[in-house]
Protein chains: 2
Amino acid sequence: METNLLKNISVDCVIFGFDMESLNVLLVERTMNASQSNDTLFSDLTLTGHHIYENEDLDGAAKRIVNDLTGLKNLVLEQFYSFGELDRLQHPNDQLWIDQFEGALDKRVVSIGYYSLLPSLNVNIKQKGRVVKWYPVNEISELAYDHTFILEKAISHLRYKLRYEPIGFEMLPPKFTLSQMQKLYEAVLGVELDKRNFRKKVSQMTYVVPLNEKQKGVSHKPAQLFMFSRDVYEKTKTERYDFFV
Amino acid sequence: METNLLKNISVDCVIFGFDMESLNVLLVERTMNASQSNDTLFSDLTLTGHHIYENEDLDGAAKRIVNDLTGLKNLVLEQFYSFGELDRLQHPNDQLWIDQFEGALDKRVVSIGYYSLLPSLNVNIKQKGRVVKWYPVNEISELAYDHTFILEKAISHLRYKLRYEPIGFEMLPPKFTLSQMQKLYEAVLGVELDKRNFRKKVSQMTYVVPLNEKQKGVSHKPAQLFMFSRDVYEKTKTERYDFFV
DNA sequence: CTGTTAAGTGTATTTTTAACACTTTGTTTG
DNA sequence: CAAACAAAGTGTTAAAAATACACTTAACAG
């Protein structure tokens, strides 16, 4: 079914997850050992990406890459930008790595950036010998390749999108409280929101529907649970331009 | 200097221009004649695009492509989306065309979409045997390849960008009137705006600066001329999210 | 000097945003 | 079982922004 990899084109995926505290990204450790001594030459972190197959479209490649790492399907996948700087893989570490592990591929690679949104950090990561972990976006410093830049572009696209479309619910459980929803908006947008004003605004969103159910297992007053109805959203959305804030 | 073309990667450019009436796009006629009889097999319109060179980055390719057609440099260039559907060049007409004129290149091409903004339709188009013309975006029906889709994506990106960033001035002359500016916003956004409310809003934009100069050669009350100051804009912009409307 | 054309201007109303603090409810602990 | 704890839940007022709306002015053309 799958045929050749296109040697000049890859897809890089930024996998976002929200843990009711902060916005996180799934990163893969890249550790290079000296061929003989087994000393570590360098160790850093990368997003996840892969070249695309000749008979695979871009969305399909992004799906495959996310599925390869998380086992999940049907996630939101959003293409946000493409990266083709000549020096994007030219750091010595990157060159070493590519020579060793991707020798057959090209050093000139244009990468199409996608991000996907996960409803939880509790995912069975397919390690496949890799070390894969969640990192809060605010605590990430330098990534390998040009992945710091790619991540920044992804975050700003996500922020934009979150304001104008109901995309945040993809990072919440199907039943969520308003405080959780507020924390999500605060974490992604990087702002503090007023509880009463937030709730006033949400109460006008007919597609955020209260359930006959309350939070359980918490040691305080349990909160009302809500769900997002895409159905209602599609039917009530007008040609508004600002979704939120 | 320039080396090989990458056979799987191209850049397609949507060149927008504003003529104080409507938003226009520069399109190239594509006419295919039967090899012997010289009858026209088909004739349609395309955006302008080209494969990228191995040692050329994406922005550079976009610049080259726009310059090849218009001779202009230093235009605003904005990457808006990438297109990699498997069937994007699979229409029989497209296949015929590619076989004849781009035989050496691949049928599987991922194209990076850019748009650029021109301050006028008065451009010396480098015809090079091509027929190149401006078309109002509202009057464009079917384009070749997947270019209708690409154009739609470009327009919606431009609309978004126009609301939040002072990008419209790129399509106005250096000295412009408020009516011209209003018409630009109306043409791009596809809405009608109230003159007084529009002016009230613009008067708060300190970076739209009145000049000591009036319109000349019009047969009615001449309008005050204004200029856009990027300088002032950069210094006064805050972390606002909505630029306009 | 009259007609034509687009420029230019202000106010009142509605809507939206922003700021702000106490009470309620269920759980835990002593 | 009473008290302490923790987060849920709730309204009002003031300021700012958006909207709707119609007449006067300046230059040119005939």
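Which residues are the closest to DNA strand C?

**Figure 1. The residues around DNA strand C.** In this predicted model, 20 residues surround DNA strand C. The closest are K221(A), S179(B), K195(B), H220(B) and Q224(B), so look for them as you get your bearings, within the 4 Å that counts as near. By class, the surface near DNA strand C is made of 10 charged, six polar and four nonpolar residues. Helix α5 (195–203) of chain A and helix α5 (195–203) of chain B each supply at least two residues of that surface.

Figure 2. R196(A) has a polar side-chain atom 3.3 Å from a base nitrogen of DNA strand C. An N or O atom in the side chain of S179(B) lies 2.8 Å from a phosphate oxygen of DNA strand C. For R199(B), the distance from a polar side-chain atom to a phosphate oxygen of DNA strand C is 3.1 Å.

**Figure 3. The residues around DNA strand D.** Which residues come nearest to DNA strand D? Of the 20 residues around DNA strand D, they are S179(A), K195(A), K200(A), Q224(A) and K200(B). Sugar and phosphate make up 38% of the atoms of DNA strand D that come within 4 Å of the protein. Sorted by class, the surface near DNA strand D has 10 charged, six polar and four nonpolar residues.

**Figure 4. Atoms of the protein that meet bases of DNA strand D.** A polar side-chain atom of K200(A) is found 2.9 Å from a base oxygen of DNA strand D. The side chain of R196(B) places an N or O atom 3.3 Å from a base nitrogen of DNA strand D. With K221(B), look at the backbone: a polar backbone atom of K221(B) is 3.4 Å from a base nitrogen of DNA strand D. The elements giving two or more residues to the surface near DNA strand D are α5 of chain A and α5 of chain B.

**Figure 5. Where chain A and chain B touch.** Each chain brings residues to this contact: 24 from chain A and 24 from chain B. About 2,200 Å² of area is buried between chain B and chain A, with carbon and sulfur atoms giving 55% of it. How many salt bridges cross the interface of chain B and chain A? The count across this interface is zero salt bridges, while seven residue pairs are in polar contact across the interface of chain B and chain A. On the side of chain B that touches chain A, the elements giving two or more residues are β1 (5–18), β4 (48–53), β5 (76–83), β6 (110–118) and α3 (147–164) of chain B. The largest share of that side, four residues, comes from β5(B). By class, the side of chain B that touches chain A has 13 nonpolar, six charged and five polar residues.

**Figure 6. Two domains of chain A side by side.** The domain assignment divides chain A into domain 1 (5–164) and domain 2 (172–236). Their contact takes 11 residues from domain 1 of chain A and 10 residues from domain 2 of chain A. The C-alpha centres of these two domains of chain A lie 30 Å apart. Between domain 1 and domain 2 of chain A, the buried area is about 1,000 Å², and carbon and sulfur atoms give 71% of it. In domain 1 of chain A, the residues that lose the most area to domain 2 are F18(A), M20(A) and L162(A), which together account for 53% of what that side buries. There are zero salt bridges between domain 1 and domain 2 of chain A, and one residue pair is in polar contact across their interface. Helix α3 (residues 147–164) of chain A gives the largest share, five residues, of the side of domain 1 that touches domain 2. That side of domain 1 of chain A has seven nonpolar, three charged and one polar residue by class.

**Figure 7. A salt bridge within chain A.** Side chains of opposite charge can pair when their charged atoms come close. Over all chains, the structure holds 24 salt bridges. One of them joins E29(A) and K133(A), whose closest N and O atoms are 3.9 Å apart.

Definitions and conventions:
Residues are numbered from 1 along each chain as its sequence is written. Chains are lettered from A and ligands numbered from 1 in the order in which they are written. This is a predicted model: local features need pLDDT of at least 70, side-chain atom pairs count only at pLDDT 80 or more; totals for chains, interfaces and linings use all residues. Side-chain values use heavy atoms; hydrogens and water are left out. A polar contact is a pair of N or O atoms within 3.5 Å; within protein, one must be able to donate a hydrogen and the other to accept it, and residues adjacent in sequence count only if both atoms are side-chain atoms. Ala, Val, Leu, Ile, Met, Phe, Trp, Tyr, Cys and Pro count as nonpolar, Asp, Glu, Lys and Arg as charged, and the others, Gly among them, as polar. Domain bounds come from an automatic or database domain assignment. Contact means heavy atoms within 4.5 Å. Buried area is the accessible area (1.4 Å probe) that two parts lose on being put together, summed over both. A salt bridge is a side-chain nitrogen of Lys or Arg within 4 Å of a carboxyl oxygen of Asp or Glu.
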